[in-house]
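Have a look at the sequence and the fold, then read on.

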Amino acid sequence: MPQLETVSDEELARQREIMAEIARSNEGRRPLAFVDTYGCQQNEADSERIRGMLRLMGYEFTEDEFAADLIVVNTCAVREHAEQRVLGNVGALNHTKKAKPDQKIVLCGCMVQQKHMAERVKKSYPIVDLVFGPHELYRFPELMQTMLGRKKRVFAVRETPGEYVEGLPVERSSPLKAWLTVMYGCNNFCSYCVVPYVRGRERSRRAADVIEEARSLVESGVKDITLLGQNVNSYGHDLDEGHDFAYLIERINAIPGDFVIRFMTSHPKDATERLFRTMADCEKAAKHIHLPFQSGNDEILRAMNRHYTRDGYLRLVDKARELMPGVSLTSDVIVGFPGETDEQFEDTLSLVERVRFDLLFTFIFSPRVGTPAASMPDPFTREQKQARFDRLLELHNEISAQKQAEHVGRVERVLIDGGETGRLTARTGENRLVHVNADKSLIGEFRDVLITDSTTWSLEGKLV
Ligand code: SAM
Ligand code: SF4
C-alpha cells in the first residue's frame, strides 16, 4: 500500500496566512458566499470546513444565489441521480452569473474527483471558475487566491491515496448538533461503489484528537454528536495506537455533560459484539445502529464484495437486539444490482420482513464509471427494477408505520432541537422525529415526553 502522508503544520500555517491575506483584501466589504451541499454527512462535514475557511477569508453567508459573490457546490458521486441534480443546478447558475458577472462559481467534492466528470465540467460548463477534489480541501485558500488573482479557470484534481489533515477551521451549522469525523476514505471496494476511488484510503484521526474535539464540542453546548466514517468499525486499523472504535465511544461517553453519541456508518463485516456491548454500557450512546445490508441474497452479496452472508447479518441483528432490547435498526439496500433475479430479490424482501427495520434507505442500482459492477451483465430493465423497488418500499412503509405505532403510550426522553412554539421538533435516542407542543425556550433541552400519536415518519408527543 502506498505510504499515506500527513499534511505538515507549516503547510497549514501557509494556508492560514493566505486566508488572512484574502480577508485583508476583503476589508471594508462583506462578500457573500453560498455553500450548497449534496450527498452524505461527510460532505456536510466538509462544507462546514469550507465555511470555516471562508469565514477566515472575510466572507459572510447567504442562501440567495443571486446575492452571492461566491457559490461553492459540494458535489456527490454515489448515484447518477445526484450528479444529474448537480449538473442541472450548475447549468441554472448561468442566470445568476449573467445578473452578476463578477460572481465566482466553485465545484468541489466527489463528483469532480472523477476524471470524466472534471473533463465534462471543463468542456461544457464554462461558468465554473474553480474545480477541486476532496483531497485538495486543505488547499482551498490557495486555490481561491489563484482563482481570484487571475482570469483563467483553475482545475485541481489530484490522484492520491489521501493524506492526514488536522486542524482545519469549522463553521458549524447547528449549535446543538455536530458531525465529528473519526476517519476519512474507504478500503472496502464494494463492487458498485465509487467512494474508495474518490475519497482515497482509510485514514483514521488520532484518538486523542477525536476525543479532544468531542470535549470542546460538549463544552460549547453541543448535545448531539455524530461520529462519522464510511466504515467506523475499521477505525484505528491504519494507526499503531491500538485503539478501536468502541474505545472512542467509551472515552467520549466519559466526558462530563448531558449529550448523545451517534455514529455512522457501520459495515456489517466489521461490526463486533464488543461494539454492541460498549453501546449497551455507555449511557450516552444512542441505542441506534445503521447497518447497511444492501441485499438479502448471498450470491448478490458476494458479487457486491460485501464479505458477509445473509445469516451472518441476521446473527448480528439478533446479537444487537439481545444486548440492547429496543435498539433502533436502520439500513441501506440496493435494488436491481446487475443480474439480480426475481428470486434473489425475494431474499431481500424476506430479510426486510424478518428484521423489521426502523428506517430503510432504498436505492436502485446506479452504474458508476470505473467500478466492477458497471461492466457486469445487467439484463433487467429499469421498469422491472422500479417495480421491485415499489414493492420493497410498500413493505417497508407498512412495517415502519406499525413500528412507529408501537411507541404510542410510551414515555421517551428526547432532545428538543428546533421548530416554533406550539410545534417543536425533537429526536428520541433512537433518532425518531417527535413533534411536541411546547415553548421555544426548551430548544436545546432533554425532556421526557409521552407519545400520543404516530404516522409513518413521525410521532406526536407531549411533555410529562
Ligand atoms: N459506507 C457506507 C456503507 O458501506 O454502508 C455507505 C456509503 S454510500 C455513500 C451510501 C449508500 O449508497 C450505500 O450503502 C448504498 O446502499 C448506496 N450506494 C452506493 N453506491 C451505489 C450505487 N452505485 N447504486 C445505488 N446505490 C448505491
Ligand atoms: Fe462504498 Fe462499500 Fe466503502 Fe460503503 S463500505 S463507502 S458502500 S465501498
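## Ground rules

A salt bridge here is a side-chain nitrogen of Lys or Arg within 4 Å of a carboxyl oxygen of Asp or Glu. One such pair is Arg368 with Glu83, whose side chains meet at 3.2 Å, N to O.

Keep in mind that this is a predicted model, where local features need pLDDT of at least 70, side-chain atom pairs count only at pLDDT 80 or more, and totals for chains, interfaces and linings use all residues. Residues are numbered from 1 along each chain as its sequence is written, chains are lettered from A and ligands numbered from 1 in the order in which they are written, and side-chain values use heavy atoms, with hydrogens and water left out.

The chain falls into domain 1 (5-163), domain 2 (168-405) and domain 3 (411-463), with bounds taken from an automatic or database domain assignment. Domain 1 puts 35 residues into its contact with domain 2, which answers with 25 residues; contact means heavy atoms within 4.5 Å. The C-alpha centres of these two domains sit 28 Å apart.

On the domain 1 side, Gln42, Glu48 and Arg49 supply 25% of the area buried against domain 2, more than any other three residues.

As for specific pairings, there are 4 salt bridges between domain 1 and domain 2. The interface also has 13 residue pairs in polar contact, both partners at pLDDT 80 or more. A polar contact is a pair of N or O atoms within 3.5 Å; within protein, one must be able to donate a hydrogen and the other to accept it, and residues adjacent in sequence count only if both atoms are side-chain atoms.

## The ligand sites

Which residues come nearest to ligand 1? Of the 15 around it, they are Gln230, Pro292, Gln294, Asp332 and Ser366, where "around" means a heavy atom within 4 Å. An oxygen atom of ligand 1 is 2.7 Å from a polar side-chain atom of Gln294, and an oxygen atom of the ligand lies 2.6 Å from a side-chain N or O atom of Asp332. Ser366 uses its backbone: an N or O atom there is 2.8 Å from a nitrogen atom of ligand 1.

Around ligand 2 you'll find, among others, Cys186, Cys190, Cys193 and Gln230.

Conventions
Buried area is the accessible area (1.4 Å probe) that two parts lose on being put together, summed over both.
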